[in-house]
Amino acid sequence: MADVVQYKLERMVNELDDLEKRGLFTRQEIAEIVKQRRKFEYRLKRPSPLKQDYLAYIEYEKQIDSLRLLRKKALARERREKGNKKMKKGVSDFAGVSRILDVYRLALTRFKGDVELWFQYLEFCKERRNGRMKKVLAKLFRFHPKVPGVWIYGAAWEFDHNLNVVAARALMQKGLRVCPKSEDLWVEYLRMELTFLNKLKARSVALGEDDGSLAVKQVDAGEKQWREDNQDLFMSIEDGEGKGEGRDEENERSKKPDYFQGRALGILQAVYGGAVMAIPSSIGLRQRLFEIVEATDLAQSEDLKRQILDDMKRDFSTVPEYWEWLAKIEYHVSERSPSGSNVSQLQRAIKVYEEAIKYVPTALMFKSYINFLMAEVSAEKGEQKDSNVSSLSENDISLILNVYEKAQTAGCLDEDLACQYVSLHLQLGRIQEARNLAKKLCSGSLASAVKLWTLRASIEMKCAEEKSCPPSKDDLSSVFQLLKNVLRRVESSAAESLWLLAIKFFAYSKSHFDKLLEVSLYSLAKGSVNDNEFSLSSTIVNFILQKDGLQRAREMYKRFLALPRPDLALFRTCIELESRLASVGNQDCVTTLRKLFESALAMYEPDLSLWRDYYAIELKMGTPETASAVLWRARKTLGDEAGFITSSDL
């Protein structure tokens, strides 16, 4: 290893002598450069050098070469001021770049699969223009033919920097044969061909061979009528056969199709056909191709745009994404519409969505329709998209509500859409309509929708509070009966919001709160427990502790613990409650704590944190013998995983 490194350093002697002779670096600086290069060379000679070792070496050499160039420019400026001749190029002018290229070559020999490193190498070659681009690109194509970005990069270099359109086209076509499923390749190939045609068109215009562009040439209707009325003003002064022959020649020239427009249309049709055949299921590709066709604005492109839209409707009429995109296209079509069109942007988009809900009658499609209306109607009024709907006009509100009614009729109202429907009435101040609608929806297919029931319950509670404050017994009984039916039917772990709402509302009605506790006991007794979900029992114990005190909370948690398989969150709540009392010297609580831990471990023995808490309590409130016994049991149960129990944080 040392011999190889020493040999490489000796080959740098001529370069270093040249740097010192020219006055670009001092002897001390050259010694430091040699020292750093030796370190980098030793790193690269390790059995398994890292990618970062190569990159660090390259970055160091780039900085050295940049400093050399700056000092060379300063020295050349001083020589010009003194009237001396320009410095000739020496060995040091080429050695730095050559060394960087060698390090890149070594890195890529080891890390052939790193595409990013290949692109860094190519960027350096392109920046320094050292003539290695084609060789490096050829290697890159050989190692990574399945990466579309490789072909795009190579074609872009041939097209933009090497000015070789034939080579760029050949690369893109070969890339499409190797990666026919790449959307980016198809799109970039089309952009390249159209860019080339635009350049040819610009050249033709500059040479006076053509005076148009690829865009449609609009002729003012008034100007056309004036020309027809004053046709004699444009007749030739000469009379006879020559006049007729000249007019016939001019007419033939005007009827001759534009070469560039015809060529561009042919390319568009060919690329579109090939792309659809290669990736028939990609809606994103067709959208991008349509945007390109629309941007070119060719005189004959309307048929192609219509063909793309027809094909997309045929292939993607059941995809909501297609209809959302089409609605946006139609909404912004006003710039392309005739000036006499009476159809507004919003009406065009609504027509699309009305057709969409026939092809795709789903909740997702109706949500997209409603979100579009809410956003665009507000935008038309110059408001923020999240502005209050109460500022909308009656026509706008009627339009949005009509969509909700269609979704309800089609059976496409899911839980979220139904909640939005009811909330819209609430935002409009129509509380009674919202109340009736929520009641109707909760009695249908959404009878188990917790969010909708929560919204309905909140509306009923609000109506009861508006009648009298506090609510009357009849109103409380009505709301309780409503909640009782759904709470007994729905799993407690899935009805967190509904339980919290009920607990808060009946907190100051003892009779109804006690009845609610009985419902909770029934729900917990029949339901399954998941430790990652909402713990109803723990929530109720904490609420009673804050409201009625410790004794009442103890009574309640004992009732919960008597149920089949109490959840772990309840045990933790009870342990925390008792440990607070035990910390102030209540020995009875220490005994209760041990019982709680033993009960919890009987059901949740593998829980690491439970053993650690038990051990910490014994260290703090028990004896060394009891703490050692808990530790021994934990190690026996958990094995090696119990090692953390003796960590320094206890």
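## Charged pairs and ring pairs

Lysine 126 and glutamate 123 both belong to helix α6 (residues 115-128), where they stand three residues apart, about one turn of the helix. Helices here are DSSP runs of H or I with at least four residues, and strands are runs of E with at least two, numbered from the N terminus. The structure is a predicted model, in which local features need pLDDT of at least 70 and side-chain atom pairs count only at pLDDT 80 or more, while totals for chains, interfaces and linings use all residues. Residues are numbered from 1 along each chain as its sequence is written, and side-chain values use heavy atoms, with hydrogens and water left out.

Lysine 126 and glutamate 123 form a salt bridge, with their closest N and O atoms 3.3 Å apart; the term stands for a side-chain nitrogen of Lys or Arg within 4 Å of a carboxyl oxygen of Asp or Glu. The word buried means under 20% relative accessible area, exposed means over 50%, and partly exposed lies in between (1.4 Å probe, protein chains only).

| Pair | N to O distance |
|---|---|
| Aspartate 18 and arginine 22 | 3.2 Å |
| Lysine 126 and glutamate 123 | 3.3 Å |
| Glutamate 193 and arginine 169 | 2.7 Å |

The next topic is the aromatic rings. A pair of aromatic rings is described by the distance of the centres and the angle of the planes. Rings of Phe, Tyr and Trp (its six-membered ring) pair if their centres lie within 6.5 Å, and planes under 30 degrees apart count as stacked, over 60 as edge-to-face and the rest as tilted.

The structure holds 20 aromatic pairs. One of them is the tilted pair of tyrosine 104 and phenylalanine 124, with 6.0 Å from centre to centre and 40 degrees between the planes. This pair links distant parts of the chain, since tyrosine 104 is in helix α5 (residues 92-110) and phenylalanine 124 is in helix α6, 20 residues apart. Tyrosine 104 is buried, with a relative accessible area of 1%, and phenylalanine 124 is buried as well, at 3%.

The rings of tryptophan 118 and phenylalanine 143 have centres 5.8 Å apart and planes at 40 degrees, so this pair is tilted. Because tryptophan 118 lies in helix α6 and phenylalanine 143 in helix α7 (residues 133-143), the pair ties together parts that are 25 residues apart in sequence. Tryptophan 118 is buried, with a relative accessible area of 3%, whereas phenylalanine 143, at 34% relative accessibility, counts as partly exposed.
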